[in-house]
Amino acid sequence: MRSYIDDYKQKGLRKQLVDTIRSKGITDENVLTAINNIPRHFFLDTAFEGIAYEDRAFPIGEGQTISQPYTVAYQSQLLEVRPMEKILEIGTGSAYQACVLAELKANVYTIERQKKLFDANKNFVFKNKYRNIRFFYGDGYEGLPTYAPFDKVIVTAAAPSLPAKLLQQLKVGGKMVIPVGEGDVQRMMRITKLGDEDFSTEIFDDFSFVPMLAGKKM
Ligand code: SAH
């Protein structure tokens, strides 16, 4: 069950969440505005309504989670989104991160490997509001060769190493933000494509994501 009422109470809690994220070090005002504009409780079961604006990850079914708002903001900030950019997201999940990118006026291509989570977004509440999001069911390791190249790639699941096809599908000058590591903790990395075979890597903070798994799941 979901509730789609956004009144002063939720708006107030959302403002507090934005303040929390800001105090943790997020400085990109466009990202903070996007978080302020999106009713996060719409992406969660009514059971979580009272706590939807805590800065925490929550279960969304199928063993997966909606990322912590701070993490969403952190990755979005590192991605340096500009209007009209073509962005590939791996791991649609609840579609909350995709909506943040859509609020930043990007053209979003998002892939989910689990059919049930993909199907859940068929009657996505913001279908009409965010026409700049396209949903795909598939294996993120393959990317979307038909739509490549992308200005940016964002991976929202923990990758054991840098997925070669995703690097290929980046434009020269493009960037990929991805948590890399095999254990419980991953390093946030930003890869910049300098030339066809030439990449630079920046390393940021540690995070804990659900794993990026190979293949599709029915
Ligand atoms: N961006 C999401 C976070 C969801 S958690 C949100 O805002 O809610 C990560 C998601 O990545 C899960 O839904 C998981 O099923 C998905 N995933 C894991 N490996 C994947 C892969 N290889 N391709 C596509 N999606 C994948």
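The legends below describe close-up views of the ligand and its surroundings in a predicted model.

Residues are numbered from 1 along each chain as its sequence is written. Local features need pLDDT of at least 70, side-chain atom pairs count only at pLDDT 80 or more, and totals for chains, interfaces and linings use all residues, while side-chain values use heavy atoms, without hydrogens and water.

**View 1. The shell around the ligand.** The ligand is surrounded by 27 residues (one heavy atom within 4 Å), the closest being Gly91, Ser94, Glu112, Gly140 and Leu213. Eleven are nonpolar, twelve polar and four charged (Ala, Val, Leu, Ile, Met, Phe, Trp, Tyr, Cys and Pro are nonpolar; Asp, Glu, Lys and Arg charged; the others, Gly among them, polar).

View 2. A backbone N or O atom of Leu213 is 2.6 Å from a ligand nitrogen. Of the 580 Å² of accessible area that the ligand has on its own, the protein covers 99% (Shrake-Rupley method, 1.4 Å probe).

**View 3. Thr110 in strand 4.** Thr110 belongs to strand 4 (strands are DSSP E runs of at least two residues, numbered from the N terminus). Thr110 counts as buried because its relative accessibility is 0% (buried is under 20%, with a 1.4 Å probe and protein chains only). Its side chain makes a polar contact of 2.8 Å with the side chain of Thr92 (N or O atoms within 3.5 Å, one able to donate a hydrogen and the other to accept it; residues adjacent in sequence count only if both atoms are side-chain atoms).

Conventions: Helices (H or I, at least four residues) and strands (E, at least two) are DSSP runs, numbered from the N terminus. Buried means under 20% relative accessible area, exposed over 50%, partly exposed in between (1.4 Å probe, protein chains only).
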